[in-house]
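Colleague: I have a model open and would like to learn how to read a few of its features. Could you walk me through them?

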Amino acid sequence: MPLRTGSHSPAGFGKSLPERGLLLLMVLVFLEGSVLPLGAASSPDISHQANLDDHKAAHEGHNSTKKPFPVLALEYDRVQIPFEISLWVLLASLMKLGFHLIPRLSSIVPESCLLIVVGLLVGGLIKLAGEEVPPVLDSRLFFLCLLPPIILDAGYFLPIRPFMENLGTILMFAVVGTLWNAFFIGGVLYGVTQIQPANPSSLNQIELLPCLLFGSIISAVDPVAVLAVFEEIHINELLHILVFGESLLNDAVTVVLYHLFEEYAGVGTVTLLDGILGVISFLVVALGGVLVGAIYGILAAFTSRFTSHTRVIEPLFVFVYSYMAYLSAEIFHLSGIMALIACGAVMRPYVEANISHKSHTTIKYFLKMWSSVSETLIFIFLGVATVDGPHAWNWTFVTVTVILCLVARVIGVVGLTFVINKFRIVKLTTKDQFIIAYGGLRGAIAFSLGFLLNEDHFPMRKMFLTAIITVIFFTVFVQGMTIKPLVELLAVKKKQEAKRSINEEIHTQFLDHLLTGIEDICGHYGHHHWKDKLNRFNKKYVKKCLIAGERSKEPQLIAFYHKMEMKQAIELVESGGGSKLPSAVPSTVSMQNIQPKKPPPAKAAERALPQLPKGREEEIRKILRSNLQRTRQRLRSYNRHTLVADPYEDGFSELLIKKQKMVELEKKIKEMSNYLTVPAAPPDSPTMRRARLASDPQAYSVKPVSDSVPTIQVDLASPQSPDSVNLLDEFKHAGQQQPQVEDQGLMMKPPSGQSGPNKPHEADQARDQQKLTRCLSDPGPSADEDEDEPFLP
Amino acid sequence: MGAKQTRAEKYQDLMDKTGFSPEQIKNLHTRFQQLSDNEETISREDLEKIPALANNPIRKQIIEAFFDKRNQHQNEVGAFQEIGFEQFLMVMSHFRPPTLKTTEEEKEAMRKEKLRFLFNMHDTDNDGTITLEEYRKVVEELLKKSGAIGLEAAKAIADAAMLEVASTNVPHMAPEDFYEGITFEHFEQILKGLEMESRMHIRFLDVDTTTMRCGKSKS
């Protein structure tokens, strides 16, 4: 996204200066990055030797000549590795920045392509300088450091519902599709290599098993590449989850096939017994991986139950448990990717119910940051490794591989869809099939697996690597670049940028129950029935174990509603207060319009109150309506790099000004009738805690918020807060409550720990609370209000 | 007319009306016999006896939907006391999924039909709109397992939902105007995003499943 369009305006030069500065910086880092490691890499031995000499000289120096004390010394070796790593990461990040400065480029060429090109350039530079390219795509580095963040990010934010609904299809593609690809490619390649042309080449010496091994390496769809490309094209959820799910689940197949063929390639034959063992191994690998992940996920969920007093390290648990799951799976050669996915998906609903909002944001930020950097690095390294890698180009082999990959994919997808459509209710159309086939991108995993091959066992390793790289390049560049225009051309359904409205949520739940009921009436146990059973089991036993406190009983609809309210409140604050609310649907509808006309004492009360001038009323109504109708929310979209805006990004001073305006308005708001009623939660409800965005270490402490960070205390559920406007009560104790309420105009008070003892006897009174005001007030620290007196006595 | 009709003709008639295949109709007929104790009609009690339904929060509404005359598409209102197999099948036909051959218009019609079914479930007093009270009741039923919190929250949620419908469909209302209730058009509008034709369906079995059913439906 272009940051500026400065080049078009007369002040363009001035505006583009920072841009140029940034570009210059990038170039410098670039050069430094390539030159400095060279200097160090080229002479590690020499410098080591030099060190020894220095030491010796220093020793001798004590005895013989005294050298002057070095004011400035150069010792690169000590920091070499971290330095280089940081340099690479910096380079990657600057590249990412840079691409978006060039406006047209990022819309035509997907980022992955650009990054590979950058890698090629860097690799080329290093080679030109005559130095040895560092083995950056070392398999250990790749599998242990670069891959896990991406997979964890994908797994933690995996949309469970579409994934589960399409699980059968995904598994078919992942398992059967990959098997088909592997055997087809391997087999046909072997056939090709056996063709005896007039001049026999080294090709003919390739056995069947290495071919099959090669086939299994090259056949797996790569999650990194799929993520990178698909997230820019925004296709509909179904296709996205199908291709992406396939890329994740085929890891188990790849692992088994790889190990199987690698083991026996030396021996030369694979018997039927080995085949059967292979199948069993596959089940063990896949299910074992999932089991390991699930266990760690449950552990993480359980741990998060107790983190209420140490909020700061909550994100750490999520990361460490997940990484441990991955590593544990790798110990036993189980599928690490599936373990990671299972861990993230299992722990998520429970962890999110337990951790604070800030921790949630932290986890999101960190995951996306790491996965973004990892992805960038992977592509750059791919480019570098291409330049570096020993290549053995063989026209026949490579071209046949590329063609076979495409053909196998198409045949596989079409054939499988034919079978799958018999079992699916929502069938896959031809367009869908095309996208699925076209979206089968290969990536760095294939390369790393090839890299792992032992040169002794596989003399044709170089050729394999060349072929793999060619396929990767082909899929990423050609398919990656053309998929977007093709999607437009074929008018494939795009992802709906839909807000999740409360009505939709209600009806989703309603539908679930309805369909379960109809299935029960029909008498057969369809998947709604089992889903319902699982939900009930979850609610009854699992949630009680893994979720702390009251939240375990909170039904999903209410949780959703609270989340929505909070989001609305945050958005309201961000948008700058009452006066200029950019509502999507400007509407004058407020609660008054929909409440059934009844003659309650409230009406009488309204007349008893001083009437507001029309202008004021209008302002107030605008606030109410805009607050209630804020249903435009950012769906958890597949663009992994966007996040919900941080409410604290607003300037503090602006908030103070807003606060002043709000204070005035709220005083008037209280006098209006017909507010939205908000539930009165039982005392000390965690719903209240959840809604609080207070500083973490003090989530439940008695101390009210007194730090300098403006906090929003959207206390939706607390029945008794200083400024709750209980309309009925107001007329019960006519004058009594009013002045108190007036005093503490600002809504956003932290109803802190004292809420505990107070709540029980106050909870009964708090039936019809006018909490709307709460949602409206801005997050100023209650500077001029009574900070330490949170409650009405 | 009725007595001499062969089974095949009867099935043909039903097939045309509801769109099921003969195997599906046969299966559903078997089920119907099971539910009705081999009688001609089933009553509300017969459906209430299904044990699996006991846990369903909207059980009453679902059962009521079977006896709702509006779901028979014959422009009648009111409720039956007992229904026969044809009416049973008619209600079930609302849950058929679209096929590959369904055209866009047919999908639209399907969606409308399904949404109409849902609408009828909410609009209990047959007046053509879902009032705030009725909507509140819907949400309450969904949340009734959650005790007191549920009831309080239900009111708030229903209010917010109603407001959302009103503001999406009738953006400019004067302060004194009153939004009567959700009409069918508004209902369609707010649930546009859910793509009912792909979501509101169950799998009707084509094969004979008497052996596959685990457990009896009654007792």
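Colleague: Let me begin with burial. Which are the buried residues of α18(A)?

Modeller: Keep in mind that this is a predicted model. A residue is called buried when its relative accessible area is under 20%. In α18(A), the buried residues are A:Ala444, A:Ile445, A:Ala446, A:Phe447, A:Ser448, A:Leu449 and A:Gly450. The helix spans residues 444–451 and is mostly covered, with 7 of its 8 residues buried.

Colleague: Thanks! Where does the kink lie in helix α19 of chain A?

Modeller: Look at A:Ile483, where α19 (residues 461–490) has a kink of about 40 degrees. Then follow the chain past the end of the helix: α19(A) is followed by A:Ala491, which has a positive phi, near 55 degrees.

Colleague: On to chain B. How many helices and strands are in its secondary structure?

Modeller: Chain B has 10 helices and 2 strands. Reading from the N terminus, the order is α-α-β-α-α-β-α-α-α-α-α-α. Of the 219 residues in chain B, 50% are buried.

Colleague: And which residues form the negative surface patch?

Modeller: That patch consists of B:Glu39, B:Glu40, B:Glu45, B:Glu48 and B:Glu82. Take B:Glu40 as one of them: you will find B:Glu40 in the loop between α2 (22–36) and β1 (42–43) of chain B.

Colleague: Is B:Glu40 buried or exposed?

Modeller: Exposed takes over 50% relative accessible area. B:Glu40 counts as exposed because its relative accessibility is 66%.

Note on methods:
Residues numbered from 1 in each chain as written. Chains lettered and ligands numbered in written order. Predicted model: local features only at pLDDT ≥ 70, side-chain atom pairs only at ≥ 80, totals over all residues. Heavy atoms only, no water. Bend = angle between axes of the 7 residues up to and from the residue. Helix = DSSP H or I, 4+ residues; strand = E, 2+ residues; numbered from the N terminus. Patch = residues over 30% accessible without salt bridge, like charges linked within 9 Å, V, L, I, M, F, W, Y side chains within 5 Å. Areas by Shrake-Rupley, 256 points an atom, 1.4 Å probe, with all protein chains shown as cover. Salt bridge = Lys/Arg side-chain N within 4 Å of Asp/Glu carboxyl O. Lys, Arg positive; Asp, Glu negative; His and termini not counted. Charge placed at Lys NZ, Arg CZ, Asp CG, Glu CD. Buried < 20%, exposed > 50% of the residue type's maximum accessible area, 1.4 Å probe, protein only.
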